[in-house]
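Hi there,

Here is the structure I promised to pass on. Have a look at it first, and my notes follow right below.

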Amino acid sequence: MKKTFLGLALVATASFGTASAQGSITGAGASFPFPLYSKMFAEYKEKSSVSVNYQSVGSGAGQKQILERTVDFGASDNAMSDESMKDAPAKLLQIPTAIGAVVPAYNVPGVTTPLKFTGKVLADIYLGKIKTWGDKSIAALNPGVTIPPLPITVARRSDGSGTTYVFADYLAKVSSEWKSKVGVGNSLQWPVGTGARGNDGVAGVVKSTPGAIGYVELVYAKQNKLTFGSVQNRAGKFVVADNGPAAAAALGVVIPADTRVSITNSANADAYPIASFTYVIFYQDQKYGNRTEAQGKALKNLLTWMITTGQQYNEPLDYSKLPTNVLNKAKALVNSINYGGKKL
């Protein structure tokens, strides 16, 4: 399964109460949840009979493909905004399936003590203002740690990325300079850095490059045996990313009925500050093109399973399960799926 995690596609074949001759369910988007979706869809293959084909191509591509209706569902770590949905041919819904953490992974030979970072230091590194690991700003956060004056190689995404959005969303909340000069988005005009595709691509740059730092989803850091630092949260605590601190981020915000919300830099004192929901995006009315009612029902069954039975796979793969209040709102959205006005 570890090899599958770093691949680009997952296919699970099967029919959930209806024959899969209708064609497989197709999805595309975020690499952030790909390890989780790999496990979920493999399990779904054994327990159901719906065919699932998920392409890990980045959140930006996932959003584009659901707008173009070339997939049954898109996947993105940031919810689509009203502006980004304005060209959708019908109403789109978005539900979170998990909470994940984005970590600053680094490769600094000789440093065995995990480093501490603040949002300002991370922003200054990605703005190109901090150029070496021996910089006084990094040293001040890590007294007693001998850090070599190695040049910093900044690794970042080259594709449209929800992980980028989450990282930039956090930096914009803690650095006014980042907010004004770079901003928030799936694709950015980066001041510095070496680009790579996918979380696995950034992890590969960090792993192979002494002096590198990159932002990746927690499981990619663990799978690649990368060192990652703690990050200071809004309450002033330095927190190491894990299931509990990531889940705590969702407890510090109000969850709207449509579930579209940022949970970075949460006010919860125990929260890891660079955490995010990851979303599945789909059409409320499944009657379009040559789609059948059975295909719409199959998608609804899959989504229902992902936010109920499928939640058992989140924590073993270093994602947090959805809190009850979020689950209830996600279930309501899934239950609103219809086919030409007929409830499925």
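In this predicted model, Gly119, Lys120, Leu122, Ala123 and Tyr126 of helix H4 meet Phe167, Tyr170, Leu171 and Val174 of helix H6. By residue type, that contact between H4 and H6 splits into seven nonpolar, one polar and one charged. H4 covers residues 119-126 and H6 covers residues 162-174, and their axes come within 9 Å, crossing at roughly 115 degrees. Angles of 65 to 115 degrees count as roughly perpendicular, and H4 and H6 are therefore placed in that class. The crossing of H4 past H6 is left-handed.

The other residue I'd point you to is Trp178, which sits in helix H7 (residues 176-181). Is Trp178 buried or exposed? Its relative accessibility is 0%, so Trp178 counts as buried. Leaving aside residues up to four places away in sequence, Trp178 touches Ala123, Tyr126, Leu127, Ala168, Leu171, Ala172, Gly183, Leu188 and Trp190. Among these, Ala123 and Tyr126 also belong to the H4 side of the helix contact, and Leu171 to the H6 side. Ala123 is 55 residues from Trp178 along the chain, yet their C-alpha atoms are separated by 6.4 Å.

A word on confidence before you set anything up. The chain has a mean pLDDT of 93, with 93% of its residues at 70 or more. Residues 1-22 are where pLDDT stays under 50, although the model has 64 contacts beyond four places in sequence for them. Where pLDDT is low, predicted coordinates should not be read in detail.

Best wishes

Note on methods. Residues numbered from 1 in each chain as written. Predicted model: local features only at pLDDT ≥ 70, side-chain atom pairs only at ≥ 80, totals over all residues. Heavy atoms only, no water. pLDDT = per-residue confidence, 0-100. Contact = heavy atoms within 4.5 Å. Helix = DSSP H or I, 4+ residues; strand = E, 2+ residues; numbered from the N terminus. Buried < 20%, exposed > 50% of the residue type's maximum accessible area, 1.4 Å probe, protein only. Axes fitted to C-alpha atoms, helices over the stretch in contact; angles between N-to-C directions. Parallel < 35°, antiparallel > 145°, perpendicular 65-115°, else oblique. Left-handed = near helix turned anticlockwise from the far one by under 90°. Nonpolar A, V, L, I, M, F, W, Y, C, P; charged D, E, K, R; others polar.
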